[in-house]
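Here are a few exercises to work through with the structure open beside you. Try each task before reading its solution.

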Amino acid sequence: MAERGFRAELTESGHGAQKRAAMLGHDMRAAISDILGGLSLAELGPLDPDSRLQLKRVQSAAEQLARLTDETLALVSGDELDQIEAPIHTTLQPFLDRITGRWQAHAEEHGLAFTLDTKPDLPGIIGTDPVALERILSNLIGNAMKYSSAGTVRLKAHMGPRESLCFRVRDTGPGFSDAAMARLFEFAGRPAESSQPGTGLGLHIVRDLARRVRGQLQLANLAEGGAEVSVILPRAAWAPGVQSTGDLHDLPDLSCCEVLLAEDNPTNQLLMRQMLETLGARCTLVKDGQAAAEMLAAHRFDLALIDIEMPRLSGIDVIRRLRTAEGDGPGTAVLAVTAFVLAANRDQIYAAGADGILAKPIMSLDALGEAIMGVLNRRPCNCTPLSDSPPPFDALHLDRLLALAGPEDGRELLIRMHDDLETVRGGLLEAFERGDRTLLLSRAHVLISLAGAVGNGALQALAENLNAAARRQDNTEVGRLCPRIVEHIEALCTALKAEFGSRYNKAGA
């Protein structure tokens, strides 16, 4: 009995720690959000170059602090970081420019120069975790500056053999000693005779993060002096789904959308409203949860951005009321905006009925646009024309599937997927013409799985809506959905056929 009581006490204590960590994380992210929001809204033009450089450095550091806060709180609470649902798409050049802006200021403080050398063959988008990659480069650049008493620290990004993506950090310091080489990557592995203070954690962290992103590390002492540390990302690590250089995703066009923004923080109100209006949305702003619930009850919106922590009524309660009122009918796409980052908080938000979650602080217009596209893919609305719909399949998602399957099984997978989609298309047309509800349900069920397998969230959501309409025998809704779904299937079949040709026919298949 005493042992069970002690275990219960430990469990209760653990829950208390998780709760405190979640609340601490909320307040920390809210403060960081105010810093980033204020910097985004500030007019930096009148400032002198040195002041602008310092503010850009602060902005970059605050962005990384927000990301590190998530991981730190997850460790403290014993929780796991929420997995990213959508494929990671990082625009490479802005990512490198942000790192340059931060470290140029550091270099000037130490009497050094910092340069970024990029080649024109770099991809426009990479699929590597930007948080891990930024931590890797920051540790390498920081170490390089620590050991360089003069000269220039260089970051070079270029393509290597077999389409590998290479990041090389070169310094003008003394290079790695034999003692340092002997303890390379060890935890607290700095040699005792080292002339520089520190713990020796930098390269240990880099090694751990490089393994996380499936990268390889190379270290060398240069003949002319100094050292060079390289991070090599094989194509499978950086470029699954990326088809060509500069293949950037467009921001969503919200020019036909009615959007509700529910946010109580004045800085976030101004920043998010400006972003939404930049995307073309007609935006209605409310400042608390009760006002948001009343507005959603009185008007039909295509999209709602709901802050979770608001006065009078929480965002979770707002979303629950909305979903209850909608019933089985077509619902409003909801993007929850929150400073709570732990998985348990996210589970609660999704259970309330949110279609997606965007963590504060909002780093950029690209981040907001990508999050909005994610929820509109899950819950299509009439505000975006079909011609502006996302690609028929998610290339990053499909590349991962085929990489797991292997070359021969990948060929068979694409062929079978194409044939199954054609069968579904024919079955839907036949079921609609004959009024065969059983066949309609069967084909809709198969389509939900097929669309999910290739990452087509829009088609998957349409198939789910068709399945629900068929179950409640809503023939009007079935008649509205079937032609649109058939059009999506035809586009997907065409795209998969072209993908098969580009992958296998060129190899003599």
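**Exercise 1.** In which helix do Glu477 and Arg480 both lie, and how many residues apart are they?

*Solution.* Before starting, note that this is a predicted model, where local features need pLDDT of at least 70, side-chain atom pairs count only at pLDDT 80 or more, and totals for chains, interfaces and linings use all residues. Residues are numbered from 1 along each chain as its sequence is written, and side-chain values use heavy atoms, leaving out hydrogens and water.

Step 1: both residues sit in helix H17 (residues 475-504), three residues apart, about one turn of the helix. Helices here are DSSP runs of H or I with at least four residues, strands are runs of E with at least two, and both are numbered from the N terminus.

Step 2: Glu477 and Arg480 form a salt bridge, with the closest N and O atoms 2.8 Å apart. The term means a side-chain nitrogen of Lys or Arg within 4 Å of a carboxyl oxygen of Asp or Glu.

Step 3: Glu477 counts as buried because its relative accessibility is 13%, whereas Arg480, at 42%, is partly exposed. The cut-offs are under 20% relative accessible area for buried, over 50% for exposed and in between for partly exposed (1.4 Å probe, protein chains only).

**Exercise 2.** Find the salt-bridge partner of Arg323 and say where each residue lies.

*Solution.* Step 1: the partner is Asp355, with the closest N and O atoms 2.9 Å apart. Step 2: Arg323 is in helix H10 (residues 315-326), while Asp355 is in the loop between helix H11 (343-352) and strand S12 (356-359), 32 residues apart. Step 3: Arg323 is buried at 15% relative accessibility, and Asp355 is buried at 8%.
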